[in-house]
Each structure stands twice: as C-alpha cells, then as structure tokens.
Amino acid sequence: MKLSQVKKLLTTVEGVSFELPDGTVVPEHFHVTEVGVVTKHFIDCGGTVRTEKKANFQLWDANDYEHRLKPQKLANIISLSERILGMEDLEIEVEYQGDTIGKYDLDFNGENFVLTAKQTACLANDKCGVPADKMKVAQTQAAASCTPGGGCC
C-alpha cells in the first residue's frame with residue numbers, strides 16, 4: 001500500500017487500528033512513534049547494485065491504556081513527514097514489536113489496516129542458476145534459511 005492510499009483512507013475511517021497477519025489486533029492504545037523514509041542501498045547476489053526506498057511507520061504498544069490515535073492525528077504526522085523529510089508517495093513498511101522487531105507490508109480490509117507478512121526472494125534469478133520450478137520451492141520454504149552451497153544464490 002502506498003502512502004497516498006493511507007492518506008485517502010484516513011479521511012474515511014472513524015479510528016485507526018492495525019491487524020497482525022494472525023488476525024489479532026494491535027492493542028488500541030498503540031503509538032506511531034516514527035514516520036519516515038528508509039533507504040536501502042545494496043548489491044544482490046548477482047552483483048547488481050540496487051536502491052530501495054520505503055515509507056516507514058513504527059508502531060509501539062505503550063502502557064498508557066487511555067491513548068487512542070485518531071485518523072486526523074496520523075494524517076498530520078504524515079503531512080509533517082512529507083513536508084520536512086520530502087517524503088514521496090512510497091510503499092509503506094510497518095515495524096512492530098513482537099518477539100523481535102517485525103517488518104510488514106500494509107493492506108486494508110475495509111475495517112483495519114492489515115500488517116501482511118513480507119517474504120524474501122532472489123532478485124537475480126537469471127544469475128542464480130536455480131531452475132524456476134526449484135526457485136519457487138526455495139522461496140516458499142523458509143527463505144531465510146539460505147545456506148552456502150544450498151542453491152538459493
């Protein structure tokens with residue numbers, strides 16, 4: 001989901017709530033502690049230099065149980081980020097604390113913003129030497145378990 005889509009939705013919803021991939025809802029007293037731009041500059045396993053930019057929201061579950069983030073307040077934070085940081089209409093990545101900090105893509109189900117699971121993938125399929133049918137299997141299994149000599153790159 002892009003930043004422009006979130007801004008449009010914030011004009012139509014009565015409240016702001018986030019749902020985790022397992023269907024549980026982030027406690028309603030959460031805070032958005034950061035809105036920013038994250039730039040990743042890297043080399044993929046095929047040697048190609050790449051740059052990726054995302055808008056980033058960081059959610060934090062605090063102990064102030066009376067706190068509620070209103071749609072207009074989040075819209076104001078986004079507007080400030082656009083003005084001060086020069087934030088573009090980027091895809092959004094959400095950070096939320098579970099056992100560790102998790103990173104999620106964002107969707108909307110008509111009621112809640114939904115944190116969706118992110119997946120890793122080889123960006124250099126043409127250079128990896130893994131046949132397409134095996135590449136799909138490697139990506140759908142625990143992609144983070146790629147080991148030297150394992151054939152993923």
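A residue is counted as buried when its relative accessible area is under 20%. In the predicted model described here, Asn 56 has a relative accessible area of 3% and is therefore buried. Asn 56 is found in strand S3, and, when its neighbours within four places in sequence are left aside, its contacts are Glu 34, Val 35, Gly 36, Val 38, Glu 93 and Glu 95.

The strand that holds Asn 56 belongs to an open sheet of six strands, which follow one another in the order S1-S6-S5-S4-S3-S2 with mixed pairing. Because S1 and S2 stand at the edges and each has a single partner strand, one side of each is left without a neighbour in the sheet. In general, the strands of a sheet pair through backbone hydrogen bonds, in either a parallel or an antiparallel sense. For S5 and S6 the sense is antiparallel, and the pairing extends over five bridges; Phe 108 stands opposite Phe 113, a residue of S6.

Helix H1, which spans residues 3–10, has Leu 3, Val 6, Leu 9 and Leu 10 as its buried residues. These residues cover an arc of only 125 degrees around the axis, and they therefore lie on the same side of H1. The elements against which the buried residues of H1 pack are strand S3 (49–61), helix H2 (71–85), strand S4 (92–97), strand S5 (101–108) and strand S6 (113–117).

Leu 3, whose place is in helix H1, is buried because its relative accessible area, 1%, falls under the 20% limit. Apart from neighbours within four places in sequence, Leu 3 is in contact with Phe 57, Ile 78, Glu 82, Met 87, Glu 88, Asp 89, Leu 90 and Ile 92. Although Leu 3 and Glu 93 are 90 residues apart in sequence, their C-alpha atoms are 10.0 Å apart in space. Val 6, with neighbours within four places in sequence again left aside, is in contact with Met 1, Phe 57, Ile 78, Ile 92, Leu 106 and Phe 113.

In soluble globular proteins, nonpolar side chains tend to be buried together. The largest nonpolar core of the model comprises 30 residues, and the members that touch the most others are Val 6, Leu 10, Phe 18, Leu 59, Leu 106, Phe 113 and Leu 115. Two or more residues are given to this core by each of H1, S2, S3, H2, S4, S5 and S6, and the largest share, four residues, comes from H1.

Aromatic rings were examined separately, and a search of the whole structure finds three aromatic pairs.

Conventions:
Residues are numbered from 1 along each chain as its sequence is written. This is a predicted model: local features need pLDDT of at least 70, side-chain atom pairs count only at pLDDT 80 or more; totals for chains, interfaces and linings use all residues. Side-chain values use heavy atoms; hydrogens and water are left out. Buried means under 20% relative accessible area, exposed over 50%, partly exposed in between (1.4 Å probe, protein chains only). The arc is that of the directions from the helix axis to the C-beta atoms. Contact means heavy atoms within 4.5 Å. Rings of Phe, Tyr and Trp (its six-membered ring) pair if their centres lie within 6.5 Å; planes under 30 degrees apart count as stacked, over 60 as edge-to-face and the rest as tilted. A nonpolar core is a set of buried Ala, Val, Leu, Ile, Met, Phe, Trp, Tyr and Cys residues joined through side-chain atoms within 4.5 Å. Two strands pair if DSSP finds at least two bridges between them.
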